[in-house]
Amino acid sequence: MDDLITEVLINGVAIPIGVAVLFTTFFSWCLGPVPGGRIASAAIGVAFLAGYAALFTWPDFPPVSSGQKLVFIVLAGVVIGAVIDLMKSPPLFKYLAIILWPAIIIGWLGWRQISNLTFETSVTLGLLFVAAVYILDRLASCGSRPSHASVVLMTAAIGASFIAFIGASGSLSQSYAILAAASGGFLLCNWPKPRFTFGTAALMAGGGAYLALATSIVLFSEVHLISFALLLLVFLAPMGAQKLPWQHSPALGPIMVGIVGAIPVIAGTAMAIVIAGDSFELPF
């Protein structure tokens, strides 16, 4: 067990943080402050891919399982999102991504459910799509405060990792931990002073990773969905932090957002532990 924890901490946490910092710096240094700053957030997706490959190895192509598809979803998000950011495309492109990208992700991962559609699966997929659009829209709304978007994505991923672990979904928990680390690495380069935008690349790669993992949890795991659904409140944390002191401070504002976002994470984790009851045991 100690070897497993060490492996997760190194491959699933330390490597994504390091790669995110490295590539954020690389993009801004090689491409210059303007174009480099626009695509710097692609480092979140690159870091996630590096951490996933280090922890699970790179999947074969064509992908078969949802975990294998996850890698190519993030890869496509990095490439397409970076192109959109570099082209200085009109906001319409981002709004199209907010609507179309969740549909593509859910459609690819849930094609078996779609091909054998029932009323119950229709409702499940419909609610999943609405929640996915809401998540990407909330992340995109932090555009003027890029550190806030990074904090929200990192906090939600940490909560999802805890809840997936309690629900005995080890690979999903580890994948969410990789996403949290990748988001945290980008945040380190964007705090205490924001330098880089949370662009379409971050939205499609980082947000897409969160959505793909959430789709896998809803469709293929035994994770308790009520506790997992509480994490939707994390994406309202920037709004909730508006009444707190120092919310306009570049250094302290993201901390306030993290504090507010931690409330539904704690509530969801506690609920998951209560629901799991005696079946949940700590690994130490």
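Residues are numbered from 1 along each chain as its sequence is written, and side-chain values use heavy atoms, with hydrogens and water left out. As the model is predicted, local features need pLDDT of at least 70 and side-chain atom pairs count only at pLDDT 80 or more, while totals for chains, interfaces and linings use all residues.

We can begin with helix 7. Helices here are DSSP runs (H or I, at least four residues), numbered from the N terminus. Helix 7 covers residues 119-140, a run of 22 residues. From its first C-alpha to its last, helix 7 reaches 32 Å, close to the 32 Å expected at 1.5 Å a residue; the expected span is 1.5 Å times one less than the number of residues. Leu 125, Leu 128, Ala 132, Val 133, Ile 135, Leu 136, Arg 138, Leu 139 and Ala 140 are its buried residues. Buried means under 20% relative accessible area, exposed over 50% and partly exposed in between, with a 1.4 Å probe and protein chains only. These buried residues pack against helix 5 (91-109), helix 6 (111-115), helix 8 (146-166), helix 10 (200-220) and helix 12 (237-240).

Aromatic rings come next. A search of the whole structure finds eight aromatic pairs. Rings of Phe, Tyr and Trp (its six-membered ring) pair if their centres lie within 6.5 Å; planes under 30 degrees apart count as stacked, over 60 as edge-to-face and the rest as tilted. One of the pairs joins Phe 23 and Phe 26 edge-to-face, at 6.0 Å centre to centre with 65° between the planes. Both residues belong to helix 1 (residues 2-31), and because they are three residues apart, about one helical turn separates them. An α-helix has 3.6 residues a turn, so residues three or four places apart point the same way. Phe 23 is partly exposed at 28% relative accessible area, and Phe 26 is partly exposed at 40%.

Trp 58 and Phe 72 form another edge-to-face pair, 6.1 Å centre to centre and with 75° between the planes. This pair links distant parts of the chain, 14 residues apart: Trp 58 sits in the loop between helix 3 (42-56) and helix 4 (66-86), and Phe 72 in helix 4. Trp 58 is partly exposed, with a relative accessible area of 42%, whereas Phe 72 is buried at 15%. Elsewhere, Tyr 134, Tyr 176, Tyr 210 and Phe 235 form one aromatic cluster.

Helix 3 also meets helix 9 (residues 170-189): their axes come within 8 Å and cross at roughly 140°. Axes are lines fitted to C-alpha atoms, for helices over the stretch in contact, and angles run from 0 to 180 degrees between N-to-C directions. The two helices are therefore oblique to each other, given that angles under 35 degrees count as roughly parallel, over 145 as roughly antiparallel, 65 to 115 as roughly perpendicular and the rest as oblique. Residues making the contact (heavy atoms within 4.5 Å) include Phe 48 and Leu 55 of helix 3 and Gln 174 and Ile 178 of helix 9.

Two buried residues complete the picture. Val 8, in helix 1, has a relative accessible area of 16%. Not counting residues up to four places away in sequence, Val 8 touches Val 13, Leu 55 and Gln 174. Thr 155 lies in helix 8 and is buried at 11%. Leaving aside neighbours within four places in sequence, Thr 155 is in contact with Val 234, Gly 258, Gly 261, Ala 262 and Val 265.
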